[in-house]
Amino acid sequence: MADDNKDGQELSEDEKLAAEWEAAMEETGEEATEEAQGDEWAQAMEEAGEDGGESADNGVRSAPMEDFGQSSLATEGSGPPPDLDVILDIPVSISMEVGNTQIPIRNLLQLNQGSVIELDRLAGEPLDVLVNGTLIAHGEVVMVNEKFGIRLTDVISPGERIKRLQK
């Protein structure tokens, strides 16, 4: 295939691509004319028009709409329960927050060994238990085999957790 047309000028990339497609279509024995493609399109549109009505003003046919009533929606208690085994092995990060505070960067840079940072919690107040940064419970520090542990004293209800997420 030549890179120039009959006048000796170079073809653009689009023209080269069109010429390649035309040659390929001729090799397969199919017609590559726009008229033939238009006829095929018109025939397909006529066949589709038999199933549904066309709009008279612009020739556009509306898509059929399915009615998804209340009966087709999954309701609580209907059908088999979800398979929780799928998510049971997903790792999550759990952390305990003793308290927090805000300090200027100037003071942060002056901290060294032995410095004391005042927190917003009182001594003996329950710790926050966070899972992936979301509060799920409160608890108190305990010792378990010479390691720190936490005894949960109050677990946040799922409804309350959802309310906190929406804020």
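This is a predicted model: local features need pLDDT of at least 70, side-chain atom pairs count only at pLDDT 80 or more; totals for chains, interfaces and linings use all residues.

A: The average pLDDT of the protein is 75, and 63% of the residues score at least 70. Among the elements, helix H3 (residues 105-109) has the highest mean pLDDT, 93, while helix H2 (residues 34-51) has the lowest, 61. Over residues 51-56 the pLDDT is below 50, and that stretch has nine contacts in the model beyond near neighbours in sequence.

Now the overall layout. The protein has four helices and four strands, and if you read along the sequence they come in the pattern α-α-β-α-β-β-β-α. Of the 167 residues, 10% are buried. The protein exposes about 15100 Å², with carbon and sulfur atoms supplying 52% of that. If you take the contacts between residues at least 6 apart in sequence, 23% of them join residues at least 24 apart.

On to the sheet itself. It's an open sheet of four strands in the order E1-E2-E3-E4, and the pairing is antiparallel. Strand E1 (94-97) and strand E4 (147-155) sit at the edges with a single partner strand each, so one side of each has no neighbour in the sheet. From one strand to the next, the twist averages 40 degrees. What holds such neighbours together? Strands of a sheet pair through backbone hydrogen bonds.

Let's walk through the pairs around E3. Strand E2 (residues 127-131) pairs with E3 in the antiparallel sense over five bridges, and here you can find Leu127 opposite Gly139 in E3. These two strands form a hairpin with two residues between them, and Asn132 in the turn has a positive phi of about 50 degrees.

Look for Val141 opposite Ile150 in E4, and for Val144 opposite Lys147 in E4. E3 and E4 form a hairpin too, with two residues between them, and Asn145 in its turn has a positive phi of about 50 degrees.

Now zoom in on one residue of E3, namely His138. Is His138 buried or exposed? Its relative accessibility is 19%, and the cut-off for buried is under 20%, so His138 counts as buried. Which residues does it touch, leaving aside neighbours within four places in sequence? His138 is in contact with Pro126, Leu127, Asp128 and Val129, and also with Arg151, Leu152, Thr153, Asp154 and Ile156.

Two of those contacts, Asp128 and Arg151, turn up again when we look at charges. Side chains of opposite charge can pair when their charged atoms come close. The structure holds two salt bridges. In one, the side chains of Arg121 and Asp128 meet at 2.4 Å, N to O, and both of these residues are buried.

In the other, the side chains of Glu140 and Arg151 meet at 2.8 Å, N to O. This pair links distant parts of the chain, with Glu140 in strand E3 and Arg151 in strand E4, 11 residues apart.

Technical notes:
Residues are numbered from 1 along each chain as its sequence is written. Side-chain values use heavy atoms; hydrogens and water are left out. Two strands pair if DSSP finds at least two bridges between them. Axes are lines fitted to C-alpha atoms, for helices over the stretch in contact, and angles run from 0 to 180 degrees between N-to-C directions. Buried means under 20% relative accessible area, exposed over 50%, partly exposed in between (1.4 Å probe, protein chains only). Contact means heavy atoms within 4.5 Å. Accessible areas come from the Shrake-Rupley method with a 1.4 Å probe; for residues, only the protein chains shown count as cover. pLDDT is the predictor's confidence in each residue, from 0 to 100. A salt bridge is a side-chain nitrogen of Lys or Arg within 4 Å of a carboxyl oxygen of Asp or Glu.
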